[in-house]
Amino acid sequence: MKVLVKLGGALLEAPESRERVSAEVAKARAPGVQLVVVHGGGKPMTRYLADRGIQSRFVNGLRVTTAETLDAVLKVFAGSINHELVASLNRAGALAVGLSGIDALLAEAEQMDPALGWVGRVTRSNPELLDLLTANGYLPVVACVAGDRHGQVFNVNADQMAVACAAAFGASQLIFLTDVDGVLDQSRRVRPVLTASESERLIAQGVATGGMRAKLNAALAALRGGVEQVRIAPGAADHVLERILSGEAVGTRMVLTEGRAA
């Protein structure tokens, strides 16, 4: 079984939280499970820029990325955050390998909008490196940075990076570990299962807004890209990965159609 886990940046900020989630990821690498991790780190990036007198600007949730900001993206996402997570995973017993989408053109991208600067849209993910590493017992840990064949580097939304990698890798599950309990319905209750049409309805009715709307759109793209199910679950819950992979109803499980919701 192939599984891709996207770790929200909030889980990686405090050393205690990073160590805990690393232990869970390492434990989830059971026989028969090929695992890949994708991570973000927006809040540390914002702090890094602020410490250097650079104001962060966002358009539709995407960070406007100047050449100066792009340099910070490499230092923070592909540098400190990625390496600290890899070190934590190795302490937990995983053979983790730090990567970004630039490596072996794992994630090829193009500029999304000149007004956003060097923000990229992933156009192609090449899973050969992920297949090679996971088949030999390694745990790829991918930072949300992509490139093109001309050597240009792009800042990529971490959810979109996770979707592209999961679909190309042939993951049967994409698990978003977040700082929320799951997807809430109109009654503010967590929905244990959502189909694609139900997700679209929550967006259209204005129930899912902001970050959750973006998360649902990413999940829908993954389902339509061939991923069997997407899970949006609380990363702070005890033994959350173990429980999800054992079939327990944790957070919200998203499927394409009703037939897959059983």
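In this predicted model, a residue is called buried under 20% relative accessible area, exposed over 50%, and partly exposed in between.

Q: Is Glu13 buried, partly exposed or exposed?
A: The relative accessibility of Glu13 is 28%. Buried requires a value under 20% and exposed a value over 50%. Glu13 therefore counts as partly exposed.

Q: With which residue does Arg47 form a salt bridge?
A: Arg47 is itself partly exposed, with a relative accessible area of 44%. Its closest N and O atoms in the salt bridge are 2.8 Å apart. The pair links distant parts of the chain, Arg47 in helix H3 and a residue of helix H1, 34 residues apart. The partner of Arg47 is Glu13.

Q: How many residues apart are Lys6 and Asp159?
A: The side chains of Lys6 and Asp159 meet in a salt bridge, with an N to O distance of 3.1 Å. Lys6 lies in strand E1 and Asp159 in helix H6, so that distant parts of the chain are linked. Lys6 counts as buried at 7% relative accessibility, and Asp159 counts as buried at 8%. The separation between Lys6 and Asp159 is 153 residues.

Q: Which element gives the most residues to the lining of the largest pocket?
A: The largest pocket has a volume of about 1,200 Å³ and is lined by 44 residues, with Lys6, Gly61, Asn157, Asp159 and Lys215 nearest its centre. Among the elements that give two or more residues to this lining are helix H3, strand E7 and helix H6. The largest contribution, nine residues, comes from H8.

Q: Which residue does Arg149 meet in a salt bridge?
A: Arg149 is exposed, with a relative accessible area of 59%, and lies in the loop between E9 and E10. Its partner is buried at 9% and belongs to strand E6, so the pair ties together parts that are 41 residues apart in sequence. The N to O distance is 2.9 Å, and the partner is Glu108.

Q: Which backbone nitrogens does the side chain of Asp148 reach?
A: Asp148 is found in the loop between strand E9 and strand E10. Asp148 is buried yet has no salt bridge, since the cut-off is 4 Å and the nearest side chain of opposite charge, Arg149, is 8.5 Å away. The side chain of Asp148 instead reaches one backbone nitrogen at 3.0 Å and another at 2.9 Å. These belong to Gly151 and Gln152, respectively.

Note on methods
Residues numbered from 1 in each chain as written. Predicted model: local features only at pLDDT ≥ 70, side-chain atom pairs only at ≥ 80, totals over all residues. Heavy atoms only, no water. Helix = DSSP H or I, 4+ residues; strand = E, 2+ residues; numbered from the N terminus. Buried < 20%, exposed > 50% of the residue type's maximum accessible area, 1.4 Å probe, protein only. Lys, Arg positive; Asp, Glu negative; His and termini not counted. Polar contact = N/O pair within 3.5 Å; in protein donor to acceptor, adjacent residues only side chain to side chain. 1 Å grid on protein atoms, 1.4 Å probe; cavity = no way out; pocket = protein on both sides within 12 Å on 5 of 7 lines; lining within 4 Å. Points joined across faces, edges and corners; volume = space filled by probe spheres on them.
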